[in-house]
Amino acid sequence: MTHPAGSDEARAALHRLRAEVAKAVVGQDAIVTGMVIALLCRGHVLLEGVPGVAKTLLVRTIAEALDLDAKRLQFTPDLMPGDVTGSLVYDPRSAVFEFRSGPVFTNLLLADEINRTPPKTQSALLEVMEERQVSVEGTPRPLPEPFIVAATQNPIEYEGTYPLPEAQLDRFLLKLSVPLPARDEEIGVLRAHHAGFDPRDLKAAGVQRVATAADLAAGRANVQRVGVAEPVLAYIVDLCRATRTSPSLELGASPRGGTALLGTAKAWAWLAGRDYVTPDDIKAVARAVLRHRVRLRPEAELEGVTADAVLDAVLATVPTPR
């Protein structure tokens, strides 16, 4: 029987993940950190970026380096809820209905272009994300542990899409913007492909297992023990309340946004090697945690205001505890 790694060993293993992912994906350290935080917090991630920035490859590489099972599901307008969760199928040989599990029975599910499928199918996935089990004919079937969803959406193409409503966006712990690579990084991508890099063969690229589910479990246990002082708790509440009174927003962050900010800041602090949360930890994760939980007023959108700009203003105006 293997024992979970200690705090330092688990942290070191998860830090090695960045270097391992960089063997296949160039210049996405911040997104890798966000994914690790989501795994530590048992939360789900919304990845937003233009096509071709290696979102799928990123998720597959993280799963490979963590020795986790990963599946990809392409969301389309004709996808049914049973295609996501699984369904009962009649077996003529045994004359009984047997459950055929869907792609959600995995550790890391890449839900590609989640806004391209109708609300009924989106709701089926979001229900699974919340309950962490699939119930068919009254029989609950728990999902593997860990289980997180990394859902992608294209920020520039909205024709024929079904945007997620605010109540469903709130189910995602983080919204991470996947950037285009810098010039030197893009040259590195071309150099790797010219040398024969195949994104479908991660082992040939040298990606190895550097951490395990046991490291994640140990990390999660240590994150729970990270201390938070009363003034820092009050700071989180003040930030969320400030979004509700911002003149640029018609919807501010809910109390769930506050609990998400608390959990992710504790994970950030632990990854940084501390057993307490500072206001700077809150600031480091605030945009990723809150940008999808606020809604701009139409007039602010017309003026070119972004959610991140509003959050920057909130972070600049709410007094930071000493």
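The model is predicted: local features need pLDDT of at least 70, side-chain atom pairs count only at pLDDT 80 or more, and totals for chains, interfaces and linings use all residues. Residues are numbered from 1 along each chain as its sequence is written, and side-chain values use heavy atoms, with hydrogens and water left out.

**Domain**
- UniProt, in an unreviewed entry, places "domain: ChlI/MoxR AAA lid" at residues 241–312; such annotations may be inferred rather than shown by experiment.
- Residues 241–312 are 61% helix and 7% strand, with end C-alpha atoms 14 Å apart (DSSP runs: helices H or I, at least four residues; strands E, at least two; numbered from the N terminus).

**Second largest pocket**
- A pocket is an open set of points on a 1 Å grid over the protein atoms alone, with protein on both sides within 12 Å along at least five of seven lines; lining residues have an atom within 4 Å of a point.
- The second largest pocket has a volume of about 420 Å³ (the space filled by probe spheres set on the points, which are joined across faces, edges and corners).
- Of its 20 lining residues, Gly52, Ala54, Leu57, Val189 and His193 are the closest to the centre.
- Helix 7 (residues 183–194) gives the largest share of this lining, 6 residues.
- The lining divides into 14 nonpolar, 4 polar and 2 charged residues (nonpolar: Ala, Val, Leu, Ile, Met, Phe, Trp, Tyr, Cys, Pro; charged: Asp, Glu, Lys, Arg; polar: the others, Gly among them).

**Largest cavity**
- A cavity is a set of grid points where a 1.4 Å probe fits but cannot get out.
- The largest cavity has a volume of about 40 Å³.
- Leu239, Thr243, Ala286, Arg287, Leu290, Leu311, Val314 and Leu315 line the largest cavity.
- Helix 9 (230–244), helix 11 (279–290) and helix 13 (307–317) each supply at least two residues of that lining.
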